[in-house]
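Welcome! Here is a friendly briefing for anyone meeting this structure for the first time. Have a look at it below, and then we will walk through some of its helices together.

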Amino acid sequence: MNGSPDLSVRLGRLRLKNPVMPASGTFGYGQEYSPFFDLNRLGAVVVKTLTLKPRTGSYPHRSTEVPSGFLSTIGLQNVGVERFIEEKLPFFSGLTPALIVNIGGESVEEYAGLARILDQHARIDAIEVNVSCPNVRKGGMHFGADPHVMEDLIARVRSETDKPLIVKLTPMVTDICRFAEIVKRCEADAVSLINAPLGMAVDIKTRRSKLGRNPSGGLTGPAIRPLALYLVRRVFKSVHIPIIGIGGISSWEDALEFFLAGASAVQIGTMNFVHPETTVDVIEGIRKYLMDHGVESISELVGTLRD
């Protein structure tokens, strides 16, 4: 092979110079990680979930370690879309990676309003829709757990923006392929798999949740990687739509598992807290693997797992 391998990928209409990015909620607003490495090395930056109004988030304790993972309930703490645009967005004017803004809310109207506002800003390259938020009109049921509600939500968001749209699916459903089909039918560009499954941890001394007043939280880290890989493979074989793989990626070897299973790109979450340079280590590890094996493009590996 002559020269460096091609790491660029296409997620629908969104093109990235390489397939590695941080997962929403683990990278702040990007600037927090700039002292650790050059953010221009990333394929994209995904900021934490934005809502229309600022949110203070959940009660403490918000996180606890569990075997091979991390349990957390942050409660979508964020500065709100207005402060994000005024205070956080200017930082990205000097960066080259794509900027993906994750959005959440408690009603279809809130999601639609966010999409409408973000659509006006050219520096925002794509929107990732977090459907694991509670729909207050449905008694707190997650948008992503009801196919009819989710289809209404994604169709409405799609109508409010021309930007590439990514939908981050929850694994807490019977058949995730059905939900990926809805995403495709609503003309979104890609799916992110998976959002954190719910879990809990108990302090047997106090007989209370280790998350304090919060009975449960999202489980992340290496503990969920086998589940995430399984669901990525299922969707890849069933639905023709680009996939961003997420779940317990700690190394370039882990990332390659997701590419082989069918992901076109990956997001790295929990490991950003452990080793802030994990994303760039993964990028360089993938590059070296391709060179060592004479593979000219990362796209050549996608979905090549032998059944």
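A residue counts as buried when its relative accessible area is under 20%, and as exposed when that value is over 50%. Please keep in mind that this is a predicted model.

- Which residues of helix 2 are buried? They are Val108, Glu110, Tyr111, Ala112, Gly113, Leu114, Ala115 and Leu118.

**A closer look at Leu118**

- Leu118 belongs to helix 2, and it counts as buried because its relative accessibility is 0%, against the cut-off of under 20%.
- Setting aside neighbours within four places in sequence, Leu118 is in contact with Val81, Val101, Ile103, Ile124, Ile127 and Lys163.
- Leu118 and Glu82 are 36 residues apart along the chain, and their C-alpha atoms are separated by 9.9 Å.

**Helix 5 with helix 6**

- Helix 5 covers residues 225–238, and helix 6 covers residues 252–261.
- How do the axes of these two helices meet, and at what angle do they cross? The axes of helix 5 and helix 6 come within 8 Å and cross at roughly 25°.
- That angle makes helix 5 roughly parallel to helix 6, since angles under 35 degrees count as roughly parallel.
- Helix 5 passes helix 6 in a right-handed crossing.
- On the helix 5 side, the contact is made by Arg225, Ala228, Leu229, Val232, Arg233 and Phe236, while helix 6 brings Asp254, Glu257, Phe258, Leu260 and Ala261.
- The residues of this contact divide into seven nonpolar and four charged, with no polar ones.

**Two residues of helix 5**

- Arg233 lies in helix 5 and is buried, with a relative accessible area of 11%.
- The side chains of Arg233 and Asp307 are joined by a polar contact of 3.1 Å.
- Not counting residues up to four places away in sequence, Arg233 touches Leu260, Ala261, Gly303, Leu305 and Asp307.
- Pro226 and Gly247 are 21 residues apart along the chain, and 8.3 Å separates their C-alpha atoms.

**Helix 6 with helix 8**

- Helix 6 also packs with helix 8 (residues 278–292), at an angle of about 65° and with the axes 8 Å apart.
- These two helices are therefore roughly perpendicular to each other.
- Helix 6 passes helix 8 in a right-handed crossing.
- Trp252, Ala255, Leu256 and Phe259 of helix 6 make this contact with Val282, Gly285, Ile286 and Tyr289 of helix 8.
- Here the residues of the contact divide into seven nonpolar and one polar, with no charged ones.

Methods: Residues are numbered from 1 along each chain as its sequence is written. This is a predicted model: local features need pLDDT of at least 70, side-chain atom pairs count only at pLDDT 80 or more; totals for chains, interfaces and linings use all residues. Side-chain values use heavy atoms; hydrogens and water are left out. Helices (H or I, at least four residues) and strands (E, at least two) are DSSP runs, numbered from the N terminus. Buried means under 20% relative accessible area, exposed over 50%, partly exposed in between (1.4 Å probe, protein chains only). A polar contact is a pair of N or O atoms within 3.5 Å; within protein, one must be able to donate a hydrogen and the other to accept it, and residues adjacent in sequence count only if both atoms are side-chain atoms. Contact means heavy atoms within 4.5 Å. Axes are lines fitted to C-alpha atoms, for helices over the stretch in contact, and angles run from 0 to 180 degrees between N-to-C directions. Angles under 35 degrees count as roughly parallel, over 145 as roughly antiparallel, 65 to 115 as roughly perpendicular and the rest as oblique. A crossing is left-handed if the near helix is turned anticlockwise from the far one by less than a right angle, and right-handed if clockwise. Ala, Val, Leu, Ile, Met, Phe, Trp, Tyr, Cys and Pro count as nonpolar, Asp, Glu, Lys and Arg as charged, and the others, Gly among them, as polar.
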